[in-house]
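Here are my notes on the model, written as numbered points. Please read them with the structure open beside you.

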There are 2 protein chains.
Amino acid sequence: IEKQDSATLKIEMEGLYPADVTGILYEMESQEARYLINQLDTKIGAEILADLDPPERREFLKNFTSEEISRYVNLFDSDDAVDLLNEQPIRVREEVIALLEDREQARFILDLLHYDEDVAGGLMQKELVKANVNWNMNQCIEELRKQAEDVEKVYAVYVVDDHERLLGLLSLKKIVLAHKNTKVESIYDQDFIFVETYRPAEEVAELMQRYDLDAVPVVNVQGKLLGRITIDDIVDVITEQASSDTLAMAGITGDVEEDDTVWRQTQARLPWLLVGMMGGILAAKFIGFFEGDLKIVPAMAAFIPIIGSTGGNVGIQTSSIILQSLADKSGLDTGVWQRLIRMFAVALINGLIISLIVFGFNLLIGNELQLALVVSSALLSVVFLASFMGTVTPLALDKLGINPAVASGPFITTANDLIGYGVYFGLAHLLLDL
Amino acid sequence: IEKQDSATLKIEMEGLYPADVTGILYEMESQEARYLINQLDTKIGAEILADLDPPERREFLKNFTSEEISRYVNLFDSDDAVDLLNEQPIRVREEVIALLEDREQARFILDLLHYDEDVAGGLMQKELVKANVNWNMNQCIEELRKQAEDVEKVYAVYVVDDHERLLGLLSLKKIVLAHKNTKVESIYDQDFIFVETYRPAEEVAELMQRYDLDAVPVVNVQGKLLGRITIDDIVDVITEQASSDTLAMAGITGDVEEDDTVWRQTQARLPWLLVGMMGGILAAKFIGFFEGDLKIVPAMAAFIPIIGSTGGNVGIQTSSIILQSLADKSGLDTGVWQRLIRMFAVALINGLIISLIVFGFNLLIGNELQLALVVSSALLSVVFLASFMGTVTPLALDKLGINPAVASGPFITTANDLIGYGVYFGLAHLLLDL
């Protein structure tokens, strides 16, 4: 590649799928990548560009002229084209649209640029095959032939009335099996699921999963057919959602990846580390009040870690289970009370086991009975309190419309730590007669 | 429903999709559920049963006779049938298979029962439409007509030779657009992706996501076409994977849900809580060694929590980012060294900021300069060590073939806590001249 030996390169690349070339591109400098992409067939180049991760794509495309970009975008599905253009500076975006050879494509893109990325309108593509309800199969097939090149995966033909309002759909299977003269009217499926442009992406994902749909049509408030969302875009929504929830629980804001810049990673991580630090400082101030007690019974300090970690672990376990059942909307809502009772039952068993073991350990290493009692009753209380917090916090955040995953992890852990130390030192002060 | 007023019930249910009825069923006792399902059209009942979550389904089906079950399973896709049967006791399983009216279905099921759930063979369904390479379109359409009822979503017709070996595929779009007398041979797509029966489910999921496939054919080692895996099954694999990874990171083993029994939840949660407890006991023993120091400088105890929580938070953040990039295989592997250098750069910035703030706080509240120095240098070291552990542990587990998510959360946190206390007290002992 360094010698830009294009003949060898072409031969080497011919056996590969576009998705495989993508993997190789990530290893390259943007100049090399540009050279490589331009060597390939425009159609394959377009597929590769559509497939790249946004940050890398933005990097690579800095070296492309607007003419080059428009040549590829011309072959994109409209939804992918909009994604790519949204990453570009506004000047490049406008130049590319102006340069597009396919004027219909340009119109599609201008339509789609209105929508936010995270609603149905922002996920949909304009490419689809539609048929008027009054047509017969022959006309349908004719239309399909016309659209065949633009619409990569057909799934179904959408049936509309004269005002472009969506009436139903017709699967390809039915078209294959029907007679040429059959009217669309008499065989199309009127029982179908659609979404409006303003529906949030996650709702669309849930709907398509629930009803096992390959594609869902998108309509405006008047019921006019505007586009469709295909399952492959939804798979991306699902994986992104899952990974950003996991990151949120780990105390990382935004969609950060390992190969992002150091600065970007720091930005994403520092805020929650500071939350933890504030918690730590508060804990320090708080334990400071009991310095006198610690001077008398220094062994108390030894159990600070187990109080903190048990509270933290129980809290994270509990909130993860609640988060999971919030995400899985197939079950119906159970009441808060029912949830708390169940959580408390689990907490009782876990708490008893842990505090009994620690109690035994304390007696074994020869600590005073009183101290052992303080530590174990503090542990039991902490398990209960952490279960309570872990149940209530995500439910409350969810009710308030905040993504419960975002604030659950570090927030709950910090709160549990503080509550735990409070209980521990409070009990100690009372029971040890300090 | 309690009055078993079947007429009203039918009317109420008629407007609903099967997936909606499923939601209602979760609220019912199994006797009621059986009554309701048996009231519905067998086809709709079958769809509902195929859609239920395994634990609820097992519960409900306890009240069904084998005859009833077989009536529904008769209408299942073969992959769903196998899933249902695998949940039943072996006697019920055999009875149901023996009672199946559709003998082809019974044969399909017996074939599929051989495979593990988590490989391609266990995900595939036998229902598909195949065409011999020597046929023409008319024969293809005839075959499609025959299979139309059994195969819910066709996507593509698979092209095989006389020995049932998979040669390629033919999209429905091509069939619609082709002439009736065109030979399959001349238009089918020879460039296609397939999987072998033994491929792990996650690999299939990754493949289908990467190449945006709706369905992928499954072959045996001789290349003989055995079945296909459709995208809706893969969407389930992806969501299950994501949720079980999240649970694993939170220290929960196995696929537990909020409405599982208290005992089941305890089993899933207690092991990791015990790991945390062992860590806490070790920490207690360890801090015990420094009891003398604490007697002299009790203020030291106040900073135990911030050391522990900072180490824990940094460790979880770091390992989550590494886990994410291990899961996202589209990028190519970066070396361990490169990863560590990047992690250390982030750790340096975060660690310096946090330790400087804490240093300021310590001077502000009038703690001794020496203690402030000890705390802040311990914090900085802990941030580095936790970053190192958070990077290396998941990479090592992944190399060893253990799911890195399983052991990352609680394991790393516990290890980081211990290392942190070690550094803190070690530094204190040295610098405070105790």
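1. Counting over all chains, the rule gives 24 salt bridges, where a salt bridge is a side-chain nitrogen of Lys or Arg within 4 Å of a carboxyl oxygen of Asp or Glu. Please keep in mind that this is a predicted model, in which local features need pLDDT of at least 70, side-chain atom pairs count only at pLDDT 80 or more, and totals for chains, interfaces and linings use all residues. Residues are numbered from 1 along each chain as its sequence is written, chains are lettered from A and ligands numbered from 1 in the order in which they are written, and side-chain values use heavy atoms, with hydrogens and water left out.

2. One salt bridge to look at joins A:Lys130 and A:Glu164, at 2.6 Å from N to O. The two partners sit in distant parts of the chain, 34 residues apart: A:Lys130 is in strand S1 (residues 130-132) of chain A, and A:Glu164 is in the loop between strands S2 (156-160) and S3 (166-171). Strands (E, at least two residues) and helices (H or I, at least four) are DSSP runs, numbered from the N terminus.

3. Two salt bridges are found across the interface of chain B and chain A. B:Asp214 forms a salt bridge with A:Lys153, and their closest N and O atoms are 3.8 Å apart.

4. At the interface, 112 residues of chain B are in contact with 111 residues of chain A, contact meaning heavy atoms within 4.5 Å. The two chains bury about 9,800 Å² between them, 65% of it on carbon and sulfur atoms; this is the accessible area (1.4 Å probe) that two parts lose on being put together, summed over both. In chain B, the residues losing the most area to chain A are B:Glu258, B:Arg269 and B:Gln317, together 8% of what that side buries.

5. Helix H15 (residues 231-249) of chain A packs against helix H15 (residues 231-249) of chain B at about 5°, with axes 10 Å apart. The pair is therefore roughly parallel, as angles under 35 degrees count as such. Among the residues making this contact are A:Ile238 and A:Ala242 of H15(A) and B:Ile238 and B:Ala242 of H15(B).

6. Helix H16 (residues 262-289) of chain A and helix H18 (residues 304-327) of chain B pack at about 160°, their axes 8 Å apart. H16(A) and H18(B) are therefore roughly antiparallel, the word for angles over 145 degrees.

Technical notes:
Axes fitted to C-alpha atoms, helices over the stretch in contact; angles between N-to-C directions. Parallel < 35°, antiparallel > 145°, perpendicular 65-115°, else oblique.
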